[in-house]
Each structure stands twice: as C-alpha cells, then as structure tokens.
Amino acid sequence: MDAERQASDRWHEAGAEIARYGRRLISDGLAYGTAGNLSCQAGDEIVISPTSVPYEAVTPADVWVLSRDGQVVRAGTKAPSSESPFHLAIYAATGAAAVVHTHSAEVVAVSATLEYLPAIHYSIAQLGGPVPVVSYRRFGSDSLADGITAALCGLDRPRSAAIVQNHGAVTYGATLAEAFEKALLLEWLARTYRLARQYGEPRILTTAELDEVTTEARRRRYALAHEGDRT
C-alpha cells in the first residue's frame, strides 16, 4: 500500500509540473491553443500531457502515466498526447528525463526553410551544436519518432534538440525545467539567426570554436564542484 501511495504521489507531482510548464508553453510563446506537449520521468514510468485539453485547464488528474514500452499505467482524461511515440522513443534512445515539444513561430519558420539551424551563438553548444531539421513526417507516426531519434543520436555528436520540418521542435533534459529552458534557447537562437540575416551574411561559429566552448564550460563546472568540496 505504501508503494502504491508513493507511486501516486510521484505521478501527482510530475503531473503538477507538466501542468505548470504547459501553461508556460502558451505564456512564453512556445505554442498556441492545445499545440505542443510535455512529458517527464516519474520513477520507472513516463508521465505525459493529455491531448486536446487547454493548458490552463490541465490538472495532475488529466495527465497519463505510461510504461516505457507504452502500456497505460494510469489513464488521464481524453487521450494521451498523439506524440507519445516520439516521447517514448527519445527516452529509450537517450538519457532524457524530460521532453518538451513546441510549435514556436521562429523555429517553425526555420523548419520550413533550412536544413539545420547553424551556430549563430556559442550558447548553441548547450544543445550539442547546430540543430538538425528532421524531414517532414506525419505527426504521431513511428516514422516521426524514428526521424527525431536519428537526428538526436546519429550525428557527429549527440544533440538535445531537433527541429521537425513544417511542424515544431523537440528538446530534452535531465529535468522538465532544463528541457523547457532549452526550448526557450532554441527559439531565441532561431530569432537571432533571422535577425542576423537581415543585416547580411552571418558569421557562423566553427566546430573547433564550439568544442572550445564545451571544454571551457566543463572545466568551469569541474572547478566549481571542487571549490564546493573545500567549503
């Protein structure tokens, strides 16, 4: 009984977080209406937003709890997000603990015009480098899930963001907060690139320059951790 209560508490906490960040999808301009979706780990299960429920109305009781192979552990309202296949595929293929799917305007514009979002600013290193655009596949399809996971895992280095042609974007992280911040960063990078193109041909950072950024960021985190050990 205690185990059941603990699981229920985990699902409720994850559902509350999904509801909170779902509202931010709208207020921060990363989606409109009921577009986009979110999920996060809760123990061994995946908690995911429902389909076709306005974000301002979503409560922890509305979210769905799925096993990693897609079996329903606890049903919410309506139906689980139609994009459950690619959420589950990302968890299986990466170290993700949370996934955010957006329909933000700048990123959708990139998705319809470019093959990838180039390194206009060094902060793109937080996403693994230039962000690939996955060729168009129907929403909710296994083909879309395959395309996204291939883009995240199959390049020269792993990415934690992918753009989906004529659709939107996907980001993942160790927490829902981190995945959401990456979605915001991706939208900012897309807007920055568009603005730069209005001034002329942008200078794009090289792979070596991005590697240098990643190495220095790791060194600083290592140094801070060891400074903490001495306090």
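How many of the ten residues of helix α2 (residues 84-93) are buried? Seven of them are, so α2 is largely enclosed by the rest of the structure. Buried here means under 20% relative accessible area, with exposed set at over 50% and partly exposed in between (1.4 Å probe, protein chains only). Ser84, Phe86, His87, Leu88, Ala89, Ile90 and Tyr91 make up the buried set. Their cover includes β1, β2, β3, β5, α4 and β9 (168-173). Helices (H or I, at least four residues) and strands (E, at least two) are DSSP runs numbered from the N terminus, and the contacts in this report mean heavy atoms within 4.5 Å.

A quick word on the ground rules. This is a predicted model, where local features need pLDDT of at least 70 and side-chain atom pairs count only at pLDDT 80 or more, while totals for chains, interfaces and linings use all residues. Residues are numbered from 1 along each chain as its sequence is written, and side-chain values use heavy atoms, with hydrogens and water left out.

Take helix α1 (residues 2-27) next. The buried residues in α1 are Ala7, Trp11, Ala14, Gly15, Ile18, Ala19, Tyr21, Gly22 and Leu25. They pack against β1 (37-42), β2 (45-48), β3 (64-66), β4 (72-74), β5 (98-102) and α5. After α1 comes glycine 29, with a positive phi near 75 degrees.

Leu144, Ala145, Gly147, Ile148, Thr149, Ala151 and Leu152 are the buried residues of α4. Their cover includes α2, β7 (131-134), β8 and β9.

**Salt bridges**

Searching the whole structure turns up nine salt bridges, each defined as a side-chain nitrogen of Lys or Arg within 4 Å of a carboxyl oxygen of Asp or Glu. One of them joins the side chains of arginine 157 and aspartate 211, at 2.7 Å from N to O. Arginine 157 sits in the loop between α4 (142-153) and β8 (161-164) and aspartate 211 in helix α6 (residues 207-230), so the pair ties together parts that are 54 residues apart in sequence. Both partners are partly exposed: arginine 157 has a relative accessible area of 23%, and aspartate 211 has 31%.

Glutamate 209 pairs with arginine 203, with the closest N and O atoms 2.6 Å apart. Glutamate 209 is partly exposed at 25% relative accessible area, whereas arginine 203 is exposed at 54%. There's also a network of salt bridges linking Glu216, Arg219 and Arg220.

Is lysine 182 buried or exposed? At 13% relative accessibility, lysine 182 counts as buried. Lysine 182 makes a salt bridge with glutamate 178, the closest N and O atoms being 3.4 Å apart. The two lie in helix α5 (residues 176-199), four residues apart, or about one turn of the helix. An α-helix has 3.6 residues a turn, so residues three or four places apart point the same way. Glutamate 178 is partly exposed, at 33% relative accessibility.

Setting aside neighbours within four places in sequence, lysine 182 contacts Gln126, Leu127, Ser160, Thr171 and Tyr172.

**Proline 50**

Proline 50 lies in the loop between β2 and β3 and counts as buried at 9% relative accessibility. Serine 82 is 32 residues away along the chain, with 8.4 Å between its C-alpha atom and that of proline 50. With neighbours within four places left out, proline 50 is in contact with Val58, Asp62, Val63, Trp64, Thr77, Ala79, Pro80 and Ser81.

**The largest pocket**

The largest pocket holds about 290 Å³ of space. A pocket is an open set of points on a 1 Å grid over the protein atoms alone, where a 1.4 Å probe fits, with protein on both sides within 12 Å along at least five of seven lines; lining residues have an atom within 4 Å of a point. Points are joined across faces, edges and corners, and the volume is the space filled by probe spheres set on them.

Lining the largest pocket are Tyr122, Ser123, Ala125, Gln126, Val213, Thr214, Ala217, Arg218 and Arg221. By class, that lining has four nonpolar, three polar and two charged residues. Nonpolar covers Ala, Val, Leu, Ile, Met, Phe, Trp, Tyr, Cys and Pro; charged covers Asp, Glu, Lys and Arg; the others, Gly among them, are polar.
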